[in-house]
Amino acid sequence: MDLAAKTFFSSRLYAVAGASNDKSKFGYKLLAWYDARHLPVQPVTPSRPSIQVSSNNYSTVSSVGELESPSETSLSIVTQPHITLKVLREAKEAGISCVWMQPGSFDTEGLEYAKQEFKVAVGGNEGRAGEGWCVLVDGDEANRRAKGEKL
């Protein structure tokens, strides 16, 4: 899975499905993680037209299919499992090849679908936090490895 996480961060663009403007939610924390690292990110949520993170105002798209360059985008998913499977199907149809499913965002069906249908699917019960692969915990190391930086 380390190689998959590293490959995920080799993309040119990123998106967060389940992004939120509520600072207490992981959809916001995940978007803020990308923002803090100056990675180009697009929030995906049908609930609002934009999300403010720090001094940056991000325009949202309501579905993965609306992403500008899906074939160059790695998708982080922080939705409920029954929504995640729909997001995964949309991502596959849009041409996304790398997905990262945050802990709690997937069930067995979603995880199996992702591993079968995507070049890279990060998710499962491993990772450094012991609760599953999480961008907030494992992302910095994977991003450094993708960029060729020493740990």
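Which residues lie nearest the centre of the largest pocket? They are Ala17, Gly18, Val78, Thr79 and Gln80, out of 30 lining residues. This is a predicted model, where local features need pLDDT of at least 70, side-chain atom pairs count only at pLDDT 80 or more, and totals for chains, interfaces and linings use all residues. Residues are numbered from 1 along each chain as its sequence is written, and side-chain values use heavy atoms, leaving out hydrogens and water.

Five strands form an open sheet in the order 2-1-5-6-7, with parallel pairing. Strand 2 (41–44) and strand 7 (120–122) are the edges, each pairing on one side only. Two strands pair if DSSP finds at least two bridges between them. Strands (E, at least two residues) and helices (H or I, at least four) are DSSP runs, numbered from the N terminus. Strand 5 (residues 73–77) and strand 6 (residues 98–101) are joined by four bridges. Ser76 stands opposite Trp100 in strand 6.

Contact means heavy atoms within 4.5 Å. Angles run from 0 to 180 degrees between N-to-C directions of axes fitted to C-alpha atoms, for helices over the stretch in contact.

| Helix | Strands | Angle |
|---|---|---|
| Helix 3 (residues 81–94) | lies across strands 1, 5 and 6 | about 175 degrees to strand 5 |
| Helix 4 (residues 108–117) | touches strands 6 and 7 | about 160 degrees with strand 6 |

**The pocket lining.** Helix 3 returns here: it gives the largest share of the lining of the largest pocket, four residues. Helix 2 (26–36) and helix 5 (135–146) each supply at least two.

Conventions:
On a 1 Å grid over the protein atoms alone, a cavity is a set of points where a 1.4 Å probe fits but cannot get out, and a pocket is an open set with protein on both sides within 12 Å along at least five of seven lines; lining residues have an atom within 4 Å of a point.
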